[in-house]
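Subject: Structure for you to look at

Dear colleague,

Here is the structure I promised to pass on to you.

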Amino acid sequence: MNRPAAQLLDPPPAPHRGVRALRVLLVEGDPGAAAPLLRALTRQGYAARGVATGAAALRDHPTADLVLLDLDLPDLDGLEVCRGIRAVSDTPIITVTARGSELDRVLGLQAGSDDYLVKPYGFRELLARMDAVLRRTHPRPSPRPVLTHGPLRIDPGTRLTTLHGTRIDLTRKEFDLLHLLATHPGTVLPRPQIMARVWSDTWSTRGRTVDTHVSTLRAKLGPTWIVTIRGIGFRLGHPAS
């Protein structure tokens with residue numbers, strides 16, 4: 001009798017939470033093994049779906065954030081499926097298989113797997129390996145620090161700007177421009193660099209876009225907060241005395 005793919009009776013950890021449920025594609029040719037694993041992953045907060053063939057995996061992997069890949073599939077060898085996915089995508093792949101020899105592990109990793117798990121395995125271990133692979137392949141961005149310059153406070157997390165404790169209502173581009181200058185205190189930023197960083201425009205050489213936004217910022221903050229360096233660009237100024 002075949003051993004179960006995963007020991008799902010292991011007590012699971014707290015559900016995975018995020019802004020959007022991570023999409024897991026389970027490639028498993030045995031429906032008896034796939035069904036309970038998909039239910040368990042769904043209970044953990046993943047958007048889990050399964051396919052039973054290598055051809056379906058090659059077709060559907062672009063919609064997944066992570067692939068759980070069995071090597072013993074009815075139509076294609078799982079190693080070929082792994083190579084096929086890796087040739088066109090960086091989607092994380094965890095090989096989940098009964099092939100447990102050292103050579104099998106080496107071949108799986110060489111084919112492009114990010115991790116290799118041998119059946120039967122505990123569900124806790126699978127979740128831990130999934131989290132570890134996702135941390136390596138999708139590192140969380142570090143929170144951007146709040147910037148303070150005298151009485152001026154710029155919070156990029158909430159996109160809130162205050163001056164002497166009073167909120168200053170800025171448009172999106174006004175905030176982006178002020179934040180860019182504040183992250184380079186004392187540095188003169190040329191207009192082309194500002195256009196590239198704030199407007200993602202690397203080719204415009206004319207126009208008053210930057211100057212117009214500088215003018216509106218000065219009207220809201222006061223004339224001393226942004227200094228014009230004639231013929232070059234702008235830098236953050238100093239608090240008015």
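This is a predicted model: local features need pLDDT of at least 70, side-chain atom pairs count only at pLDDT 80 or more; totals for chains, interfaces and linings use all residues.

Residues are numbered from 1 along each chain as its sequence is written, and side-chain values use heavy atoms, with hydrogens and water left out.

The chain has eight helices and 14 strands, where helices (H or I, at least four residues) and strands (E, at least two) are DSSP runs numbered from the N terminus. Of its 241 residues, 42% count as buried; buried means under 20% relative accessible area, exposed means over 50%, and partly exposed lies in between (1.4 Å probe, protein chains only). The accessible surface comes to about 13400 Å², and 54% of this belongs to carbon and sulfur atoms, with areas taken from the Shrake-Rupley method with a 1.4 Å probe. Among the contacts in the chain with a separation of 6 or more, 56% are accounted for by residues 24 or more positions apart, a contact being heavy atoms within 4.5 Å.

Now to the helix pairs. Axes are lines fitted to C-alpha atoms, for helices over the stretch in contact, and angles run from 0 to 180 degrees between N-to-C directions. Angles under 35 degrees count as roughly parallel, over 145 as roughly antiparallel, 65 to 115 as roughly perpendicular and the rest as oblique.

Helix α1 (residues 31-43) packs against helix α5 (residues 123-137) at an angle of about 60 degrees, with the axes 12 Å apart, and α1 is therefore oblique to α5. Their crossing is right-handed, which is the term used if the near helix is turned clockwise from the far one by less than a right angle, left-handed being the anticlockwise case. Leu-37, Ala-40 and Leu-41 of α1 meet Phe-123, Leu-126, Leu-127 and Met-130 of α5, and by class these are seven nonpolar, no polar and no charged residues. Here Ala, Val, Leu, Ile, Met, Phe, Trp, Tyr, Cys and Pro count as nonpolar, Asp, Glu, Lys and Arg as charged, and the others, Gly among them, as polar.

The axes of helix α6 (residues 172-182) and helix α7 (residues 191-199) come within 10 Å and cross at roughly 125 degrees, so α6 and α7 are oblique to each other. Lys-173, Asp-176, Leu-177 and Leu-180 of α6 make the contact with Ile-194, Arg-197, Val-198 and Trp-199 of α7, a set with five nonpolar, no polar and three charged residues.

Helix α7 also packs against helix α8 (residues 209-221), at about 80 degrees and with the axes 10 Å apart, which makes α7 roughly perpendicular to α8.

Finally, some single residues. Pro-31, found in helix α1, is exposed at a relative accessible area of 61%. The peptide bond from Lys-119 to Pro-120 is cis, with omega near -10 degrees, and Pro-120 sits in the loop between β6 (115-118) and β7 (121-122). Arg-159, in the loop between β9 (152-155) and β10 (160-163), has a positive phi of about 55 degrees although it is not a glycine, and it is partly exposed at 36% relative accessibility. His-164, in the loop between β10 and β11 (166-168), has a positive phi near 55 degrees and is exposed, with a relative accessible area of 64%.
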